[in-house]
Amino acid sequence: KADLGEWRFGHQQGCSSRTSLLRSLAERRTPTTSLTDHCSFISLLPLASKLVLGALMKEEQIGFSQTWEDPRIDAKALSINKDDRVIAISSAGCTPLSLLLDEPAEVVSLDSNAVQNYLCELKIAAIKTLEPSDLLAFMGEKPSDRRWTTYNQLRQELSSEACSFWDANCEAIEDGIQWMGVADRYFRRVGSFFCRWIYGQEVVAKLFRLESIEEQENFFQKHINNLSTRILRAILAPFYLSPFALRVLFPRGFFRYITVGDMAGKIKKRFEHVITKVPIADNYFLSRIYLGHHLNVRGGAPPYLEKLQQAKQRLSALQLVTMPVERYLQSLPNCSIDCFQLSNVVEWMDEQERCSFFDQLHRVARPGARLFLRNAFTNNVIPEKVLSGFKHDEALSNELLEQDRSFIYHRCYAATVVKS
């Protein structure tokens, strides 16, 4: 009770007291503690109260405020042409906004979660309205105490539904929308803990200055894969990467069809790969986790943030749709789509649903259309029953996984649509 007086409940007009209270309790944040900097051992412990509060916050919450999929490999997999019509999963908006830079005729940014598209709306409004430095400050890449004021300048660009959502989430605005996602906060807390208490901040800073794969391999063995860190990871990883922990963090049904047994082991293997086999100087996925920001080098941020003016000029080609992807496919005419960036949506479907989904996808795809899938928690891809309508490019899929800077996914699946 003594702590309650130090938590902000909703001092700005338009804030929802209930939302602010739940977020403050769940994050255990004081007014002087930054969301991205705060880290203590307590913040990682699976306290029953925190888990219960997390469950209470599952209504209208943003799962991802930054996309954890490497846009470089999306671009290679899809090979977008100027006349192409593209479907991409919205998530945090980074992927569809970055795909615009390839100048397709249209990108349909699709998500079944309305609040993810509210986030995309806000990012689009910021790109349209703000200067680059102001946009980065508003999003949380740079310090700012004017984010709520900036938001009020952007409201006129938003739908009424998005306005209602953001009006009730002023603390997320003030903290910077880059860090409001459940997954983003979770990854950052774990990374900040290891950075501060296990590896050391100076050691982690050196990681992103390494200039060769050989240096990265030596660094990994000396600082990250030594005996003490191996023991600690072995203790912590199975719990925090377990199906139970993920089901607590994310909405019910999000991982209904988990089939990968040793998720901690798969993520550990991918984590080791991206540090020792992929050039790290521009790996902004790891810098987000360990440092709390993108990298000031070429390729060290999502492409749309590096080429804001070009992205701004292409916004007219972007359409936001809130609808399950399978239902949206049913609404489309035959042979109308050239590229499908589908993230890992098939991991949320059983085999019958996947058969129906890929039947619809095959119907609306133009001959030779490209599709790209990822797997994190299952091995679900195109079912055997409908596989004859697709040609899996195994060599390309393996190449993309080798080059992927993100450690979340254990499989990439690139294919083309075959029509007689």
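In the predicted model, strand β5 (residues 365–375) is paired with strand β7 (residues 411–417) in the antiparallel sense, the two being joined over six bridges. Within this pairing, R370 stands opposite T416 in β7. Helix α3 (residues 71–78) packs on the sheet, where it touches β4 (337–341), β5 and β7, and its direction makes about 150° with that of β5. Helix α21 (residues 394–403) lies across β5, β6 and β7 and runs at about 145° to β7. The sheet itself is open and consists of seven strands in the order β3-β2-β1-β4-β5-β7-β6, with mixed pairing. Because β3 (318–322) and β6 (390–392) stand at the edges and each has a single partner strand, one side of each is left without a neighbour in the sheet. On average, and with direction ignored, neighbouring strands of this sheet are turned by 20° against each other.

S91, in the loop between β1 (85–89) and α4 (94–99), has a positive phi of about 50° although it is not a glycine. S343, which is found in the loop between β4 and α20 (351–364), likewise has a positive phi of about 50° without being a glycine. With a relative accessible area of 18%, S91 is buried, and S343 also counts as buried, at 9% relative accessibility. A further loop, between α19 (325–330) and β4, holds P333, which is in contact with R363 and V364 when its neighbours within four places in sequence are left aside. P333 and R363 are 30 residues apart in sequence, while their C-alpha atoms are 8.2 Å apart in space.

As regards the interior, nonpolar side chains in soluble globular proteins tend to be buried together. The largest nonpolar core of the model has 53 residues, and those with the most contacts inside it are L122, F138, Y151, W166 and I177. Helix α5 (residues 114–129) supplies the largest share of this core, namely eight residues. If residues up to four places away in sequence are not counted, I177 touches S65, L119, L122, K123, F138, M139, W166 and A172. A second, separate core comprises 34 residues, including C195, L210, I275 and L286.

The count of aromatic pairs comes to 14. In one of them, the rings of W148 and Y151 have their centres 5.1 Å apart and their planes at 35°, so the pair is tilted. W148 and Y151 are three residues apart in helix α7 (residues 147–154) and are therefore separated by about one helical turn; W148 counts as buried at 11% relative accessibility, as does Y151 at 0%. F357 and F358, by contrast, form an edge-to-face pair, with 5.0 Å from centre to centre and 75° between the planes. Both of these phenylalanines are buried, F357 with a relative accessible area of 1% and F358 with one of 0%. Ring pairs also link W68, Y186, F187, F271, Y284, F285 and F407 into a cluster.

Key: Residues are numbered from 1 along each chain as its sequence is written. This is a predicted model: local features need pLDDT of at least 70, side-chain atom pairs count only at pLDDT 80 or more; totals for chains, interfaces and linings use all residues. Side-chain values use heavy atoms; hydrogens and water are left out. Two strands pair if DSSP finds at least two bridges between them. Helices (H or I, at least four residues) and strands (E, at least two) are DSSP runs, numbered from the N terminus. Axes are lines fitted to C-alpha atoms, for helices over the stretch in contact, and angles run from 0 to 180 degrees between N-to-C directions. Contact means heavy atoms within 4.5 Å. A nonpolar core is a set of buried Ala, Val, Leu, Ile, Met, Phe, Trp, Tyr and Cys residues joined through side-chain atoms within 4.5 Å. Buried means under 20% relative accessible area, exposed over 50%, partly exposed in between (1.4 Å probe, protein chains only). Rings of Phe, Tyr and Trp (its six-membered ring) pair if their centres lie within 6.5 Å; planes under 30 degrees apart count as stacked, over 60 as edge-to-face and the rest as tilted.
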